[in-house]
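Thanks for coming. I will go through a few places in one structure, and you can follow along on the screen.

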Amino acid sequence: MGWLWAIIVGFVLGLIAKAIIPGKQHSPLWLTTICGMLGAAAGNAIARALGVAATPGIDWSRHAFQVVAAVVIVFAVDMLYMATLGRRRQQQV
């Protein structure tokens, strides 16, 4: 059940990150989900390092770290994806 929640959270975080980033992102949905999962893991690690991993109630600070990490990761991976896609198209011509 842990993997299912990781996929769901990654999907939601990836979509939120895509909505925050200005312009159009060209990465496919599966890659966005993976980036969201990585953002959730990175956000949790940052929160744990800063001592805000477990607070009473809703962990708003941890969720903020997750969203920020997901935005950075989705942005970077989308740039890499487009650079790779562009190289492939140049080789085909």
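Let me start with a glycine. G39 touches Q66, A69, A70 and I73, leaving aside residues up to four places away in sequence. Keep in mind that this is a predicted model. G39 itself sits in helix α2, which covers residues 29-50. Is G39 buried or exposed? Its relative accessibility is 0%, so G39 counts as buried, the cut-off for that being under 20%. One more distance here: from C-alpha to C-alpha, G39 and V71 are 7.7 Å apart in space, although 32 residues separate them in sequence.

Next, an aspartate. D78 belongs to helix α3, residues 60-92. D78 is buried and has no salt bridge. Which side chain of opposite charge is nearest to D78? That is K18, at 6.1 Å, while a salt bridge has to be within 4 Å. What the side chain of D78 does reach is the backbone nitrogen of H26, at 2.9 Å. H26 is also among the residues that D78 touches, together with K24, Q25 and S27, again not counting residues up to four places away in sequence.

Last, the surface. There is a nonpolar patch of about 850 Å², and the residues that make it include L4, W5, F11 and L29. Which helix gives the largest share of the patch? Helix α1, residues 2-20, with nine residues. F11 is found in helix α1. With a relative accessible area of 34%, F11 counts as partly exposed, because that class lies between 20% and 50%.

That is the end of my part.

Methods. Residues numbered from 1 in each chain as written. Predicted model: local features only at pLDDT ≥ 70, side-chain atom pairs only at ≥ 80, totals over all residues. Heavy atoms only, no water. Helix = DSSP H or I, 4+ residues; strand = E, 2+ residues; numbered from the N terminus. Buried < 20%, exposed > 50% of the residue type's maximum accessible area, 1.4 Å probe, protein only. Lys, Arg positive; Asp, Glu negative; His and termini not counted. Polar contact = N/O pair within 3.5 Å; in protein donor to acceptor, adjacent residues only side chain to side chain. Contact = heavy atoms within 4.5 Å. Patch = residues over 30% accessible without salt bridge, like charges linked within 9 Å, V, L, I, M, F, W, Y side chains within 5 Å. Areas by Shrake-Rupley, 256 points an atom, 1.4 Å probe, with all protein chains shown as cover.
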